[in-house]
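Here is a short briefing for someone meeting this structure for the first time. Look over the sequence and the fold, then read on.

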Amino acid sequence: MTLPTRDDLIDLVYHEARVIDEGRFDEWLELWAADSYYWMPLDYQQEDPKNMTSLMYEDAFLRKLRVERLKGLRTFSQKPKSRCSHVLNRPSVEAFDPKAGEFVTRTAVHYVETRLDDQFLLAATVHHHFEMVEDELKIKLKRVDLLNCDAAFGNIQLFI
């Protein structure tokens, strides 16, 4: 079994952001472990995604459904398609324990999403939890803590 390095974790965070920015969503789906979650808490200190309301808590099925909607020919809310840009601080490795299979990064992110005349900016702290699946590093949990998580939002179409 090949173990990841700290640089492998950091490279994967940058790669994931680039894949989203370039709209390569099928490739993005391949970065995730089968039993993984994309979580955007409603509260900055929220600890429980299952018994508390979240802005998003998406498993593999919901992520795939959202990607299919983004690609759909009859998705009129995506004509023209939304585009985004991520600006990432260098991710820090918060946990690196190959024996326990625990790999966690923390990244400060500025995210811009645009469609037609609308553009909005979000600031977030993102924690990626990774696991090894058949010698490949996969995302097990991506927690996106928006700086203004308690604000009223319009639709966030893409992925931060």
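This is a predicted model: local features need pLDDT of at least 70, side-chain atom pairs count only at pLDDT 80 or more; totals for chains, interfaces and linings use all residues.

Strand β5 pairs with β3, with β4 and with β6.

**Strand pairing**

- Strand β5 covers residues 102-115, and six bridges join it to β3, residues 83-88.
- β3 and β5 run antiparallel. In this pair, V87 stands opposite H110.
- Strand β4 takes in residues 92-97 and is antiparallel to β5, with five bridges between the two. Here D97 faces E102 of β5 as its opposite residue.
- Strand β6, residues 118-133, pairs with β5 through 13 bridges, again in the antiparallel sense. V109 stands opposite A124 in β6.

**Turns**

- β4 and β5 make a hairpin, with four residues between the strands. G101 lies in that turn and has a positive phi of about 70°.
- β5 and β6 also make a hairpin, with two residues between the strands. L116 has a positive phi there, near 55°.

**Helix α1**

- Helix α1 runs over residues 6-21, which is 16 residues.
- At 1.5 Å a residue, α1 should span 22 Å.
- The buried residues of α1 are L9, I10, L12, V13, E16, A17, V19 and I20.
- G23 follows α1 and has a positive phi, near 70°.

**Nonpolar core**

- Nonpolar side chains tend to be buried together in soluble globular proteins.
- The largest nonpolar core here has 35 residues. W28, Y38, L146 and I160 have the most contacts inside it.
- Elements giving two or more residues to this core include α1, α2 (25-29), β1 (32-41), α3 (60-71) and β7 (136-146). Strands β3, β5 and β6 are also among them.
- Which residues does Y38 touch, leaving aside its neighbours within four places in sequence? Y38 is in contact with W28, W32, M56, Y57, E58, R63, R66, K142, V144, F159 and I160.

**Cysteines**

- A disulfide is a covalent bond between the sulfur atoms of two cysteines. The count of disulfides in this model is zero.
- C84 is buried because its relative accessible area, 11%, falls under the 20% cut-off.
- C149 is buried too, with a relative accessible area of 5%.

How values were computed. Residues are numbered from 1 along each chain as its sequence is written. Side-chain values use heavy atoms; hydrogens and water are left out. A disulfide is a pair of cysteine sulfur atoms within 2.5 Å. Buried means under 20% relative accessible area, exposed over 50%, partly exposed in between (1.4 Å probe, protein chains only). Two strands pair if DSSP finds at least two bridges between them. The expected span of a helix is 1.5 Å times one less than its number of residues. A nonpolar core is a set of buried Ala, Val, Leu, Ile, Met, Phe, Trp, Tyr and Cys residues joined through side-chain atoms within 4.5 Å. Contact means heavy atoms within 4.5 Å.
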